[in-house]
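Let's take a walk through this model together, one region at a time. Have the viewer open and follow along as we go.

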Amino acid sequence: NREIKALSEQLQKNDLVKTNMRDIISKTSVLNDRFKEVISETEILETVGLFFDPTGAPAYIMDGIVDAFNDSVSDYINYIWPNASYSLQTFKENKDKTLSTKFSESLMINGKDISIGSLSGGELRALSLAIDFAMIDILNDKFSMSLNPIILDEPFNGLDIDGKEMVIELLEKLATDKEIWIVDHSSESKSMFNRTVRIEKRNGISRILDS
């Protein structure tokens, strides 16, 4: 009788445990559903919050375009420095770790952060051309604005011989799929090109002398 009584009590406890487990499972299911709702609400709030964070709505809208620009400019940067990367951000991190709505740029060469201001004249001009051509790609891909031919006005101005050679080398690579015209007033630059067109202006009239 004592064994039967003990087994009966054990069965009652087991029934109570089963009841509690069913209750826990039911509550867990409710919590899981609520958790999914909270995650969804959080994603919405994060998206809306991007419009009011320190980077601002313009930066949020520009993110997609800037990402595409960074992908494009990396190809052109490799023409100048094989082991380099350049990127543009829609925000700037301040010394106090806060963010401000301001474009910032970074240049890495051989794994080292390089100051843009430390570049030579030729390197800076080549970098500027790489950025310009990346922007041309974005205008074509994102806004269907095809810019061809491309006219550069005195791109060698202020450069030494090494700087000119660097820019010429970059332009030769870029000219494989683009038509590039260069306006230059220095006669010594003529030897750098296979084809030139000379224009002379006299008495307010411009004319082509030779090509």
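In S4, which residue is the bridge partner of Ser87? The bridge partner of Ser87 is Ser106. Before we go further, please keep in mind that this is a predicted model, in which local features need pLDDT of at least 70, side-chain atom pairs count only at pLDDT 80 or more, and totals for chains, interfaces and linings use all residues. Residues are numbered from 1 along each chain as its sequence is written, and side-chain values use heavy atoms, with hydrogens and water left out.

Strand S4 covers residues 104–109, and six bridges join S1 to S4 in an antiparallel run. Helices (H or I, at least four residues) and strands (E, at least two) are DSSP runs, numbered from the N terminus, and two strands pair if DSSP finds at least two bridges between them. The sheet is open, with three strands in the order S1-S4-S5 and antiparallel pairing. Strand S1 (84–89) and strand S5 (112–114) each have a single partner strand, so they stand at the edges and one side of each is left without a neighbour in the sheet. On average, neighbouring strands here are turned by 30° against each other, direction ignored; the axes behind that angle are lines fitted to C-alpha atoms, for helices over the stretch in contact, and angles run from 0 to 180 degrees between N-to-C directions.

Next, the aromatic rings. A pair of aromatic rings is described by the distance of the centres and the angle of the planes. Rings of Phe, Tyr and Trp (its six-membered ring) pair if their centres lie within 6.5 Å; planes under 30 degrees apart count as stacked, over 60 as edge-to-face and the rest as tilted. The count by this rule is three aromatic pairs. In one of them, Tyr76 and Tyr79 have ring centres 6.2 Å apart and planes at 65°, so the pair is edge-to-face. These two tyrosines are separated by about one helical turn, because they are three residues apart in helix H2 (residues 56–80). Tyr76 is buried at 8% relative accessible area, whereas Tyr79 is partly exposed at 35%; buried means under 20%, exposed over 50%, and partly exposed in between (1.4 Å probe, protein chains only).

Tyr76 also forms a tilted pair with Phe133, 6.2 Å centre to centre with 55° between the planes. That pair links distant parts of the chain, since Tyr76 is in helix H2 and Phe133 is in helix H3 (residues 121–143), 57 residues apart. Both Tyr76 and Phe133 are buried. Together, Tyr76, Tyr79 and Phe133 form one aromatic cluster.

Finally, some backbone details. Most residues other than glycine have a negative phi, and most peptide bonds are trans. The peptide bond from Asn148 to Pro149 is cis, with omega near 10°, and Pro149 lies in the loop between H3 and strand S6 (150–153). Glu154 has a positive phi near 50° without being a glycine; its place is the loop between S6 and helix H4 (161–174), where Glu154 is partly exposed at 28%. Asn203, also not a glycine, has a positive phi of about 55°. This residue lies in the loop between strand S8 (198–202) and strand S9 (205–210), and Asn203 counts as exposed at 81% relative accessibility.
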